[in-house]
Amino acid sequence: MELLGHHQDQRVGVFVDTQNLYHSARDYYERNVNFESLLRFAVGGRRLVRATAYVVEKEGDTSAWPFIYKLSTIGYRVRRMYLTVKETGEGGRPIYEGNWDMGIAADMVRLMPYLDVVVLGSGDGDFVEILEVLMERGIRVEVIAFRETTAQRLIDAVDRFVHLPEIPNPFMEPKNPER
């Protein structure tokens, strides 16, 4: 049975803001997103053109490398960016910034001629404008994110919104489950 709006001949592009989903999962569920399940659900039997995961990391910090490697082995093209110091806060503490929004939007535009469906893994309302442009050009837009941290205007704008905890196996199993 095909889901409404799903056709096996559709060409799909998946764009996942890992920071956005990571922080939402951690803050609201104390869990980690299963990005493999997310990708499987996003594609849903359609033709995957490209899946891209956007990662922000601290320069010199290698702790994200296993995560980046895992993303690449499960089918994502990984784009990486280093955090930059935006400003200095109280007590001289640096405030870091790492934002892939423009890069994600640019990748969507680059792939637009080759896609029938765009799936965004982010609840950031800043994407509404670019997603509306895609929809005006006949591209179906779906968002998979956490309801708690997704902008209502994003939910209202897209063809389909999926609350990430409702997909099959949305979270990684805890490393040391209590017995």
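## Core, aromatic rings and pockets

The largest nonpolar core contains 51 residues, and those with the most contacts inside it are Val14, Phe15, Leu21, Leu38, Tyr76, Met108 and Leu131. This description rests on a predicted model. Apart from its neighbours within four places in sequence, Leu38 touches Val16, Leu21, Val33, Tyr76, Ile144, Leu164 and Ile167.

The structure also holds five aromatic pairs. In one of them, the ring centres of Tyr29 and Phe146 are 5.5 Å apart and the planes stand at 35°, so the pair is tilted. This pair joins distant parts of the chain: Tyr29 belongs to helix H1 (residues 18-29), while Phe146 lies in the loop between strand S7 (140-145) and helix H6 (152-157), 117 residues apart. Tyr29 is partly exposed, with a relative accessibility of 26%, whereas Phe146 is buried at 1% relative accessible area. Together with Phe171, Tyr29 and Phe146 make up one aromatic cluster.

| Pocket | Volume | Lining residues by type |
|---|---|---|
| Largest pocket | about 820 Å³ | 13 nonpolar, six polar, nine charged |
| Second largest pocket | about 180 Å³ | three nonpolar, five polar, three charged |

The largest pocket is lined by 28 residues, of which Tyr22, Asn32, Phe35, Ser63 and Phe67 are the closest to its centre. The elements giving two or more residues to this lining are H1, helix H2 (35-43), strand S2 (47-57) and helix H3 (65-73).

The lining of the second largest pocket includes Asp17, His23, Val56, Trp100 and Asp124. To this lining H1 gives the most, with three residues.

Definitions and conventions: Residues numbered from 1 in each chain as written. Predicted model: local features only at pLDDT ≥ 70, side-chain atom pairs only at ≥ 80, totals over all residues. Heavy atoms only, no water. Phe/Tyr/Trp six-rings, centres within 6.5 Å; stacked < 30°, edge-to-face > 60°. Helix = DSSP H or I, 4+ residues; strand = E, 2+ residues; numbered from the N terminus. Buried < 20%, exposed > 50% of the residue type's maximum accessible area, 1.4 Å probe, protein only. Core = buried A, V, L, I, M, F, W, Y, C linked by side-chain atoms within 4.5 Å. Contact = heavy atoms within 4.5 Å. 1 Å grid on protein atoms, 1.4 Å probe; cavity = no way out; pocket = protein on both sides within 12 Å on 5 of 7 lines; lining within 4 Å. Points joined across faces, edges and corners; volume = space filled by probe spheres on them. Nonpolar A, V, L, I, M, F, W, Y, C, P; charged D, E, K, R; others polar.
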